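Thanks for coming, everyone. I'll show the structure, then walk through it piece by piece.

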Amino acid sequence: MRNSNQLLIRSVQKMLWLCCLTLLFACETEPVIQEELGEANLGVKKNHNVVDVLTTHMNIEVESTIPSGWTTFRYDNRSHNPHFVLIDKLPEGKTVEDSKAEVVPVFQEGMDYIATGDWDNALAKFGELPAWGYEIIYSGGTGLLSPNHTSEITVYLEPGNYALECYVKDSQGVFHTTKGMISGMVVTSEESGNTEPKPTMEVKISSKAGIEFDEKIRPGKHLVKVFFEDQTVYSHFVGHDVHLVRLDESADLDELNSWMNWSNPVGFKTPAPEGVEFLGGMQDLPALEGNPNSHVGYFDAHLKPGTYAFIAEVPDPMGKNMFKVFTVPGK
Ligand SMILES: [Cu+2]
């Protein structure tokens with residue numbers, strides 16, 4: 001397994017990662033204040049224009065066309081499984097239909113080989129990914145979200161064709177993408193007019209230092225800014241991100257640490273580890289050089305007193321300082 005992993009890492013390192021597109025800035029408008037009685041007023045503000053995203057089973061419902069610039073998505077998970085929404089910017093001329101035909105099946109067949117311990121054939125299968133698959137720019141998205149939860153995120157999107165996907169696995173190891181959790185969306189050159197949000201707290205992530213934040217956290221409604229100091233490709237083909245989880249006493253941190261890697265046969269398989277409530281987060285951002293908007297994404301977090309963690313969806317997040325448990329005190 002170790003040799004196979006090294007082979008996979010080497011094969012990934014050979015691959016081109018063409019994330020060199022330029023982002024454009026959008027104009028801004030004033031946000032609306034939203035407060036809730038009984039909660040600490042931490043000054044969270046929200047954008048007017050919100051794109052609704054809905055899951056009721058193995059689906060992602062979203063508007064087919066939206067404007068560009070700062071974009072707030074409200075994800076409502078009304079299904080019985082945890083899901084996320086990763087926003088893929090597709091290369092010029094490609095659509096979600098190309099992803100369904102040429103990318104999704106390759107990952108599923110590769111995963112099926114991994115599940116049987118056949119890494120040689122898995123690597124051969126991943127080698128069949130089309131060259132354009134390596135030009136997909138992961139552009140943020142909603143982190144893992146437990147059933148019957150909603151989460152709002154804000155990211156900056158430039159015009160183009162996008163795919164929204166979730167690749168959590170079912171109990172048989174079938175990716176949710178294979179079961180239909182991938183949808184297309186066109187982002188037009190019309191600007192949304194939304195403003196960059198004002199956060200109440202900030203989390204930084206980098207391949208070198210892991211996840212860093214000020215652990216003195218007040219309870220209440222927060223808007224979390226996630227700053228990507230860099231981005232890279234790990235052995236599971238994708239980069240780092242930040243998920244927020246609430247942990248109860250039954251949570252097994254080692255189990256969760258292993259679960260956060262889809263290329264682990266037991267990883268990302270539902271049911272999710274016990275005692276873990278997924279509260280959203282920010283999917284991979286590209287952190288493009290010279291484009292400050294590509295480094296930041298925002299998500300809302302209702303932090304009641306308790307034990308939480310910020311965790312990345314990477315192989316062994318604990319070993320990368322990307323699994324940080326923290327406590328939110330009482331008022
Ligand atoms: Cu899913």
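One definition before anything else. A residue is buried if 20 or more other C-beta atoms lie within 10 Å of its own, exposed if 12 or fewer, and partly exposed in between. By that rule, buried residues make up 42% of the 331 residues in the chain. Please keep in mind that this is a predicted model.

Now the overall layout. The chain has five helices and 18 strands. Take the contacts with a separation of 6 or more: 75% of them join residues 24 or more positions apart.

Let's go to helix H3, residues 104–115. How far apart are its end C-alpha atoms? They are 17 Å apart. At 1.5 Å a residue, twelve residues should span 16 Å, so the two values agree.

Which residues of H3 are buried? They are Val104, Phe107, Gly110, Met111 and Ile114. Seen down the axis of H3, these buried residues fall within an arc of 135 degrees, so they line one face of the helix. And what covers them? The cover includes helix H2 (96–102), helix H4 (119–126) and strand E10 (182–191). After H3 comes Gly117, with a positive phi near 85 degrees.

Next, H4. Here Ala122, Lys125 and Phe126 are buried. Down the axis of H4, the buried residues stay within an arc of 95 degrees, so they too line one face of their helix. They pack against H3.

On to the strands. Strand E6, residues 83–89, pairs with strand E9, residues 160–165. The sense is antiparallel, and there are four bridges. One example: Ile87 has Leu164 in E9 as its bridge partner. E9 is also joined to E10, again antiparallel, by six bridges. There, Ala163 has Gly184 in E10 as its bridge partner. Remember E10: that strand is part of the cover over the buried residues of H3.

Now the core. In soluble globular proteins, nonpolar side chains tend to be buried together. In this model, the largest nonpolar core holds 76 residues. Which of them touch the most other members? Val85, Leu164, Val226 and Val245 do.

Set aside its neighbours within four places in sequence. Val245 is then in contact with Val276, Glu277, Phe278, Leu279, Tyr308, Ala309 and Ile311.

Last topic: backbone geometry. Most residues other than glycine have a negative phi, and most peptide bonds are trans. Here are some exceptions.

First, a peptide bond. Thr270 and Pro271 are joined by a cis peptide bond, with omega about 5 degrees. Pro271 sits in the loop between helix H5 (253–259) and strand E15 (276–282).

Then Phe237. Its phi is positive, near 80 degrees, and this residue is not a glycine. You'll find Phe237 in the loop between strand E13 (220–228) and strand E14 (242–247). Is Phe237 buried or partly exposed? It has 18 other C-beta atoms within 10 Å, so it counts as partly exposed.

Finally, Asp316. This residue is not a glycine either, yet its phi is positive, about 50 degrees. Asp316 lies in the loop between strand E17 (306–311) and strand E18 (323–328). It has 16 C-beta neighbours inside 10 Å, so Asp316 is partly exposed.

That's the tour. Over to you for questions.

Terms used
Residues numbered from 1 in each chain as written. Predicted model: local features only at pLDDT ≥ 70, side-chain atom pairs only at ≥ 80, totals over all residues. Helix = DSSP H or I, 4+ residues; strand = E, 2+ residues; numbered from the N terminus. Expected span 1.5 Å × (residues − 1). Arc of directions from axis to C-beta. Contact = placed C-beta atoms within 7 Å. Pairing = 2+ DSSP bridges. Core = buried A, V, L, I, M, F, W, Y, C linked by C-beta atoms within 7 Å.
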